[in-house]
Amino acid sequence: MNILYLLVPLALLLGVLFVGAFIWATKKGQFDDLDTPAARIVLDDDLIRNKNITERKGRKE
């Protein structure tokens, strides 16, 4: 039973720290754009492929 006197305040402190970290990250813009990083890997391949195709066409002509 005595362990609850330690664990409950520790859990509350940990919860407050996590909420504070979330608020800090939100204010710093960490969650502003969630879609672009996920699609960037797909978009970069297309841009590189198109650039290489354009360069190859220029060499042949």
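**View 1. The aromatic pair.** In this predicted model, a search of the whole structure turns up 1 aromatic pair. The partners are phenylalanine 22 and phenylalanine 31. Their ring centres lie 5.6 Å apart. The ring planes meet at 35°, so the pair is tilted. Stacked pairs need planes under 30 degrees apart, and edge-to-face pairs need over 60. Phenylalanine 31 has 40% relative accessibility and therefore counts as partly exposed.

View 2. Helix α1 covers residues 4–27, 24 residues in total. From first C-alpha to last it reaches 34 Å. That is close to the 34 Å expected at 1.5 Å a residue. Glycine 29 follows α1. The phi of glycine 29 is positive, near 90°.

**View 3. Isoleucine 3, ahead of the helix.** Isoleucine 3 sits in the segment before α1. Its relative accessible area is 48%, so isoleucine 3 is partly exposed. The cut-off for exposed is over 50%. Isoleucine 3 also belongs to a nonpolar surface patch.

**View 4. The whole chain, for context.** The protein has 2 helices and 0 strands. It contains 61 residues, of which 2% count as buried.

Technical notes:
Residues are numbered from 1 along each chain as its sequence is written. This is a predicted model: local features need pLDDT of at least 70, side-chain atom pairs count only at pLDDT 80 or more; totals for chains, interfaces and linings use all residues. Side-chain values use heavy atoms; hydrogens and water are left out. Helices (H or I, at least four residues) and strands (E, at least two) are DSSP runs, numbered from the N terminus. The expected span of a helix is 1.5 Å times one less than its number of residues. Rings of Phe, Tyr and Trp (its six-membered ring) pair if their centres lie within 6.5 Å; planes under 30 degrees apart count as stacked, over 60 as edge-to-face and the rest as tilted. Buried means under 20% relative accessible area, exposed over 50%, partly exposed in between (1.4 Å probe, protein chains only). Patches are made of residues with over 30% relative accessible area and no salt bridge: like charges are joined within 9 Å, nonpolar side chains (Val, Leu, Ile, Met, Phe, Trp, Tyr) within 5 Å. Accessible areas come from the Shrake-Rupley method with a 1.4 Å probe; for residues, only the protein chains shown count as cover. A salt bridge is a side-chain nitrogen of Lys or Arg within 4 Å of a carboxyl oxygen of Asp or Glu.
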